[in-house]
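Here is a short note for a colleague who is opening this entry for the first time. Please keep the structure in view while reading the points below.

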Amino acid sequence: MPTLVVRGAGDTIASEAWTRRITQLTADGRAIEVPDAAHAAHYSKPEAVAKLIEAFAAAGENR
């Protein structure tokens with residue numbers, strides 16, 4: 001199952017290494033960072049996160 005792991009570029013809780021590890025544990029994982037966002041990127045940058053999810057879902061439909 002395709003899995004999208006989103007983290008804020010300034011996240012001090014979920015590190016970049018952690019997000020890479022999570023994507024490696026999934027069969028079809030992808031990690032994306034949201035610029036100018038911290039841990040709760042979906043709160044501070046909801047439009048950016050929504051666009052990432054929409055693009056990820058659309059790409060999955062084309063697989």
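1. Overall make-up. The chain has 3 helices and 2 strands. Read from the N terminus, the order of elements is β-α-β-α-α. The radius of gyration is 12 Å, close to the 11 Å that the globule rule gives for 63 residues, so the chain is as compact as a globular protein of that length. Along its principal axes, the C-alpha trace spans about 30 × 25 × 15 Å.

2. Confidence. This is a predicted model. The chain has a mean pLDDT of 93. A value of 70 or more is reached by 95% of its residues. Confidence is highest in α2, at a mean of 96, and lowest in α3, at 92.

3. Burial and contacts. Of the 63 residues in the chain, 21% are buried. Take the contacts between residues at least 6 apart in sequence: 60% of them join residues at least 24 apart.

4. The strands. β1 covers residues 2-8 and pairs with β2. The pairing is parallel, over 7 bridges. Together, β1, α1 and β2 form a β-α-β unit, and the unit is right-handed.

5. The whole structure holds 2 salt bridges. One of them joins Glu 33 to Arg 7, with the closest N and O atoms 2.4 Å apart. Glu 33 sits in strand β2 and Arg 7 in strand β1, so the pair ties together parts that are 26 residues apart in sequence. Are the two partners buried or exposed? Arg 7 is buried, because its relative accessible area of 5% is under the 20% cut-off. Glu 33 has 35% relative accessibility and therefore counts as partly exposed.

6. A salt bridge within a helix. Glu 16 pairs with Arg 20, and here the closest N and O atoms are 3.4 Å apart. Both residues lie in helix α1. They are 4 residues apart, about one turn of the helix. Glu 16 is partly exposed, with a relative accessible area of 45%. Arg 20 is also partly exposed, at 41%.

7. Thr 19. Helix α1 spans residues 16-25, and Thr 19 belongs to it. Thr 19 is buried, because its relative accessible area is 4%. What does Thr 19 contact, leaving aside its neighbours within four places in sequence? The answer is Val 5, Arg 7 and Ala 31. Arg 7 is also the salt-bridge partner of Glu 33.

8. Asp 36. This residue deserves a look at its backbone. Most residues other than glycine have a negative phi. Asp 36 is not a glycine, yet its phi is positive, at about 60°. Where does Asp 36 lie? Its place is the loop between β2 (28-34) and α2 (41-44). Asp 36 counts as exposed because its relative accessibility is 69%, over the 50% cut-off.

9. Ala 48. Helix α3 runs over residues 46-61 and includes Ala 48. Ala 48 is partly exposed, at 32% relative accessibility. How far apart are Ala 48 and Thr 26 in space, C-alpha to C-alpha? The distance is 23 Å, and the two are 22 residues apart in sequence.

Definitions and conventions
Residues numbered from 1 in each chain as written. Predicted model: local features only at pLDDT ≥ 70, side-chain atom pairs only at ≥ 80, totals over all residues. Heavy atoms only, no water. Buried < 20%, exposed > 50% of the residue type's maximum accessible area, 1.4 Å probe, protein only. Contact = heavy atoms within 4.5 Å. pLDDT = per-residue confidence, 0-100. Pairing = 2+ DSSP bridges. Right-handed = clockwise from strand over helix to strand, strands pointing away. Salt bridge = Lys/Arg side-chain N within 4 Å of Asp/Glu carboxyl O. Rg over C-alpha atoms; globule rule 2.2 N^0.38 Å.
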